[in-house]
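Subject: Structure handover and notes on helix packing

Dear colleague,

I am handing over the structure below, followed by my notes on what was found in it. Please read the two side by side.

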Amino acid sequence: MSNKPLVYLAFIILVLGGGLVIGANTVPGGWYASLAKPFFNPPNWLFAPVWSILYLVIGVVGARTWLTFRRSPAMRFWFAQLVLNFAWTPVFFGFQDPASAMIVILALDIAVAGFIAASWRQDRPSALAFLPYLAWVLFATALNGAILVLN
């Protein structure tokens with residue numbers, strides 16, 4: 001019997017569950033509401049569904065990489081992006097520190113792009129699955145930067 005389904009389930013629970021727990025414990029609140037935001041700031045209701053879908057994809061890609069390329073640079077980039085992803089919300093909303101959050105998200109951009117580059121030849125579907133994630137994180141980086149400048 002294969003343990004593949006359990007690996008996928010564990011990665012999805014880790015990523016989606018971790019994201020939900022962090023999100024529930026660092027609700028934006030009044031501080032964020034009081035900030036000046038750029039014209040391209042999306043409505044607040046959009047963030048939860050987008051991140052939920054992305055976390056599901058991140059979990060699946062993590063499991064896929066773990067099962068086939070466990071000791072690869074891609075796996076190291078995958079773990080790095082997860083740590084940075086999970087760090088950004090508490091830094092930005094919990095510590096209310098957009099400047100430090102900007103440093104975290106720039107490192108996240110590099111980790112996600114690094115995963116894509118490291119996976120491109122060995123696991124193209126995983127690399128391609130991370131492209132929307134990279135696009136969203138780059139958008140979030142622009143949003144973080146605009147909030148930093150405006151406030």
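An α-helix has 3.6 residues a turn, so residues three or four places apart point the same way.

Before going further, please note that this is a predicted model, in which local features need pLDDT of at least 70 and side-chain atom pairs count only at pLDDT 80 or more, while totals for chains, interfaces and linings use all residues. Residues are numbered from 1 along each chain as its sequence is written, and side-chain values use heavy atoms, with hydrogens and water left out. Helices (H or I, at least four residues) and strands (E, at least two) are DSSP runs, numbered from the N terminus.

H1 covers residues 4-25, and its 22 residues should span 32 Å at 1.5 Å a residue, which agrees with the 31 Å between its end C-alpha atoms; the expected span is 1.5 Å times one less than the number of residues.

The axes of H1 and H4 come within 9 Å and cross at roughly 20°, where axes are lines fitted to C-alpha atoms, for helices over the stretch in contact, and angles run from 0 to 180 degrees between N-to-C directions. That makes H1 roughly parallel to H4, given that angles under 35 degrees count as roughly parallel, over 145 as roughly antiparallel, 65 to 115 as roughly perpendicular and the rest as oblique. The contact, meaning heavy atoms within 4.5 Å, is made by Phe11, Leu14, Val15, Gly18, Gly19 and Ile22 of H1 and by Met75, Trp78, Leu82, Phe86, Thr89 and Pro90 of H4. H1 passes H4 in a left-handed crossing, that is, one in which the near helix is turned anticlockwise from the far one by less than a right angle, clockwise being right-handed.

Turning to H3, its 23 residues should span 33 Å at 1.5 Å a residue, and the 31 Å between its end C-alpha atoms agrees with this. The buried residues of H3 are Leu54, Tyr55, Ile58, Gly59, Val61, Gly62, Ala63 and Thr65, and what covers them includes H1, H4, H5, helix H6 (124-129) and H7. Ser52, also in helix H3, counts as partly exposed at 27% relative accessibility; the C-alpha atoms of Ser52 and Val15 are 9.4 Å apart in space, although the two residues are 37 residues apart in sequence. In helix H6 lies Ser126, which counts as buried at 1% relative accessibility and which, leaving aside neighbours within four places in sequence, is in contact with Val61, Arg64, Thr65 and Phe115.

H3 and H7 pack at an angle of about 140°, with their axes 10 Å apart, and are therefore oblique to each other. Phe47, Val50, Trp51, Leu54 and Ile58 in H3 meet Pro132, Tyr133, Trp136, Val137 and Leu143 in H7, and the crossing in which H3 passes H7 is left-handed.

Helix H5 (residues 98-119) and helix H7 (residues 131-150) pack at about 160°, with their axes 9 Å apart. That makes H5 roughly antiparallel to H7. The residues in contact include Met102, Ile105 and Val112 of H5 and Leu134, Leu138 and Thr141 of H7.

Two loop residues remain. Leu35, in the loop between helix H2 (29-34) and H3, is buried, with a relative accessible area of 13%. Gln96, in the loop between H4 and H5, has a positive phi of about 50° although it is not a glycine. Most residues other than glycine have a negative phi. At 42% relative accessibility, Gln96 counts as partly exposed.

Best regards

Conventions
Buried means under 20% relative accessible area, exposed over 50%, partly exposed in between (1.4 Å probe, protein chains only).
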